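Hello,

Here is the structure I promised to pass on. Please have a look at it first, and then read my notes below.

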Amino acid sequence: MRQIFTLAALVTREALRTRFFVVIVMLLLIGFGLSLFVGQVTLIETQATQSGLLAAFLRLGAVYVVSLFVITSMVHEFQDRSIYLWLSLPMQRSTYVFGKLSGFALVALITAVLFGAALLGDVPYQQVGLWILSLLCELLIITTLSLLCVLTFHQTIQAFSVVVGFYILARSISAMQLMAQGPLNISQSWIDQLINIFINLLAMLLPNLERFTQSEWLVYHTGHFDNLLEIVVQTVIYLILLVAMSLFDLYRKNL
Amino acid sequence: MTEQQRSIQSVPKTVKFLLILGLVLQMAWYYYLPPPDAEIQALSSPPKQELLRIFSLGDPIVSAKILMLWLQAFDNQSGQFLSYQQINYTTLQQWLEQILLLDPQSQYPLLAASHLYSSVKEKNKQRQILEFVYQQFFIDPSHRWPWLAHVTVLAKHQLKDLPLALKYAEAIATYATPEMPRWAQEMQIFILEDMGELERARLVIGGMLASGKLIDPNEIKFLNDKLLTLEKSFSQEKEQKY
């Protein structure tokens, strides 16, 4: 357990050393600027538009910076060979993964709380709380996926491309499913059926991120505890899967 | 950890020259290029709802807000203001409809339709956008009635089309909800009066008073007074006829 804490503390110190939180503050400032600009051009629903756009900007920003932080940190670990040093110590490989993940999760938590706090001006705190917890769940999935991708590819471009592709797919898979099965799609050739099967298979394997961190909660205050329960269950299931995949990959590596 | 930087003198002269040359060339290129094209772009048809949802990345409300702001700013292109007459209202209507499908609770597209786009000088376009507000009202009458009430006034005073105004006012009264103010439901009385349909106006007021839904004594008094005035005018009209 102490080894896990040590690794987590080192990740947090790395975030401070690489000025990760300066980027977070800059994103917040850009978000506020965007929000002020939007406030100037809207005729009605100003607060709703401002909070909706600010939340969407911060969510995408959080996913972008946290994922890049995990990937660059781990790529650096491979390049300066410190991962070999860690694994040469009397420490299980699983401890290494959990230690790193705990540190990244802490960074994700701080990011989610800072971004959520920025929304408190216009939105009731209950809805903001729900949004923060949901964003944290989304970031945990992205963090674990980023770790898995780095362990698999060892390169920033490949790993980040996979994370971006995964995120876009996971956020739009429901719309794709509806489009493929919708009444407008009347053609039923074998290619269409194959595409349908493929989309359904993807939907089965991907977490439905469309239900996470919805702007509707902030704009129309419609979020409640049931939403969170569903999100937490999905996050736990997917984290188990991603951690298992990461461990499977790491244990098979001849490091 | 701060990195110590060497003096500028340590940078080779060729590098400094290239730096300045690059900057000058970039600025020269900017002036060489023709000024931004001020050609006005026509409003193209919106993509299908399914595609819009895919590009929304699971957040249709934010997409709706962004699209609405873009549409609102569409009449300002390359520093030129387009008149609403230059905009294709069929396409505009399609965009507003798609935005409402993405975010059905938003009132913004209907505000834009009833207050901004309805100010177009061309009567046909004005009628088209008023009809759009009328059609959209039936989807959510309890939230969308203010926009239909506004276009009722426009139909009456700007288009001077009393039958059209009556159609809108009757829709409000038919789909009235408890949270809707009484004045919105009573608009049809005044339109009927202006149309000279005194008998129908009397029937509407009589129906309202008989329904038992009115609680406010001032309102009951007002409607009773109105009923008396109408009856007086009606009997005067009859006397003149015979």
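Let me start with a spot in chain A: A:Thr213 sits in the loop between α8 (190-205) and α9 (215-220). (Helices are DSSP runs of H or I with at least four residues, strands are runs of E with at least two, and both are numbered from the N terminus.) A:Thr213 is not a glycine, yet it has a positive phi of about 45 degrees. For context, most residues other than glycine have a negative phi. A:Thr213 counts as buried because it has 31 C-beta neighbours inside 10 Å. (Buried stands for 20 or more other C-beta atoms within 10 Å of the residue's own, exposed for 12 or fewer, and partly exposed for anything in between, with C-beta atoms placed from the backbone.)

Before going further, a word on conventions. The model is predicted, so local features need pLDDT of at least 70 and side-chain atom pairs count only at pLDDT 80 or more, while totals for chains, interfaces and linings use all residues. Residues are numbered from 1 along each chain as its sequence is written, and chains are lettered from A and ligands numbered from 1 in the order in which they are written.

Chain A has another residue of this kind. A:Arg19, also not a glycine, has a positive phi of about 55 degrees, and its place is the loop between α1 (2-17) and α2 (20-41). A:Arg19 counts as exposed, because 11 C-beta neighbours lie inside 10 Å.

Now the chains as a whole. Chain A has 10 helices and 0 strands. Its radius of gyration is 20 Å, close to the 18 Å that the globule rule gives for 255 residues, so chain A is as compact as a globular protein of that length. (The radius is taken over C-alpha atoms, and the rule is 2.2 Å times the number of residues to the power 0.38.) Along the principal axes, the C-alpha atoms fill a box of roughly 60 × 50 × 30 Å. Of the 255 residues in chain A, 36% are buried.

Chain B has 12 helices and 2 strands, in the order α-α-α-β-β-α-α-α-α-α-α-α-α-α from the N terminus. Its radius of gyration is 29 Å, well over the 18 Å given by the globule rule for 242 residues, so chain B is more spread out than a compact globule. The C-alpha trace of chain B spans about 110 × 45 × 35 Å along its principal axes, and 30% of the 242 residues count as buried.

Within chain B, which residues of α8(B) are buried? They are B:Leu164, B:Ala165, B:Leu166, B:Tyr168, B:Ala169 and B:Ile172. Their cover includes α6 (123-137), α7 (141-157), α9 (182-185) and α10 (187-195) of chain B. (A contact means C-beta atoms, placed from the backbone, within 7 Å.)

Finally, the two chains meet where α3 (residues 46-79) of chain A packs against α3 (residues 60-72) of chain B, at an angle of about 120 degrees and with the axes 9 Å apart. (Axes are lines fitted to C-alpha atoms, for helices over the stretch in contact, and angles run from 0 to 180 degrees between N-to-C directions.) A:Thr49, A:Gly52, A:Leu53 and A:Ala56 of α3(A) make the contact with B:Ile61, B:Val62 and B:Lys65 of α3(B).

Best wishes

Note on methods. Contact = placed C-beta atoms within 7 Å.
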